[in-house]
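Work through the exercises below with the model open. Each task is followed by its solution.

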Amino acid sequence: MCNNIIMSHLTKICISGVIAALYASMTIVLAPISYGVIQLRIAECFAILPSLMPFATLGVTVGCLISNVYFSVMGVYDIIFGTLITLIAGICTAEIKNMWLAPIPPIVLNAVGLPLIWLLSGVDAFYWLNCLSIFISQAIILYGVGIPLYLLTKRNIIPLLLNNSAD
C-alpha cells in the first residue's frame, strides 16, 4: 500500500517535471513568438492539462516561471504576476472537467492580466487592444493545440496513471 502511494506521488511529480521542462523549452526555443505584446506562446497548450490531471498545474506554473525568469522582457512584473496568473488559471482549470470549457480560465485570465502587467511595467498603453490580441492568441493555442493534447493525454497518459495506481 505504501509503495503504491509513493509511486503515485512520484509519478505525478515526474509528469509535472516533464510538463515544466516542455513548457519552458518550447517557450524559450520559440522566444520570438512567445514574448511581447503580440505573442503566440505554443507552450500554453499545456494549460488545459489540469482539467485532466490537477497536479499538472504545478508543471505548467513552474514552466512559466522558468520561461519568464530567463527570457521575459517585462522583468519582475512578469516573473511574479505572469506566473501567478498561470497558477490561478491552473487551479480554476482543474475544477472544469469539460474539454470545451477547460480552456476558458487561461484564455480569460491571460487576456485580462498580461496586458495589465505590460501597462504596469510601462511598456504599452493599449490595454484593450492587447486584451483582444492575447484573447485571440490564447484561444488559437488552447483550442487548436490544447484540445488535441487533451485528447491524446486522456487516451494515452491517463490509462497509464490508472494502471500504475492499481499495481
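The exercises cover a helix, a nonpolar core and a cavity.

The model is predicted, so local features need pLDDT of at least 70 and side-chain atom pairs count only at pLDDT 80 or more, while totals for chains, interfaces and linings use all residues. Residues are numbered from 1 along each chain as its sequence is written, and side-chain values use heavy atoms, with hydrogens and water left out.

**Exercise 1.** Check the span of helix H3 (residues 56–71).

Step 1. Helices are DSSP runs (H or I, at least four residues), numbered from the N terminus. The expected span is 1.5 Å times one less than the number of residues.
Step 2. H3 has 16 residues and should therefore span 22 Å; its end C-alpha atoms lie 22 Å apart, which agrees.

**Exercise 2.** Find which residues of the largest nonpolar core touch the most other members.

Step 1. Such a core joins buried (under 20% relative accessible area, 1.4 Å probe, protein chains only) Ala, Val, Leu, Ile, Met, Phe, Trp, Tyr and Cys residues through side-chain atoms within 4.5 Å.
Step 2. Of its 24 residues, Ile19, Phe46, Ile48, Leu49 and Met53 touch the most other members.
Step 3. Helix H1 (2–29), H3 and helix H6 (127–166) each give two or more residues to this core, and H6 gives the most, with seven.

**Exercise 3.** Identify the residues nearest the centre of the largest cavity.

Step 1. A cavity is a set of points on a 1 Å grid over the protein atoms alone where a 1.4 Å probe fits but cannot get out; lining residues have an atom within 4 Å of a point.
Step 2. Among the 18 lining residues, Gln39, Arg41, Asn68, Asp78 and Leu114 lie nearest the centre.

Technical notes: Buried < 20%, exposed > 50% of the residue type's maximum accessible area, 1.4 Å probe, protein only. 1 Å grid on protein atoms, 1.4 Å probe; cavity = no way out; pocket = protein on both sides within 12 Å on 5 of 7 lines; lining within 4 Å.
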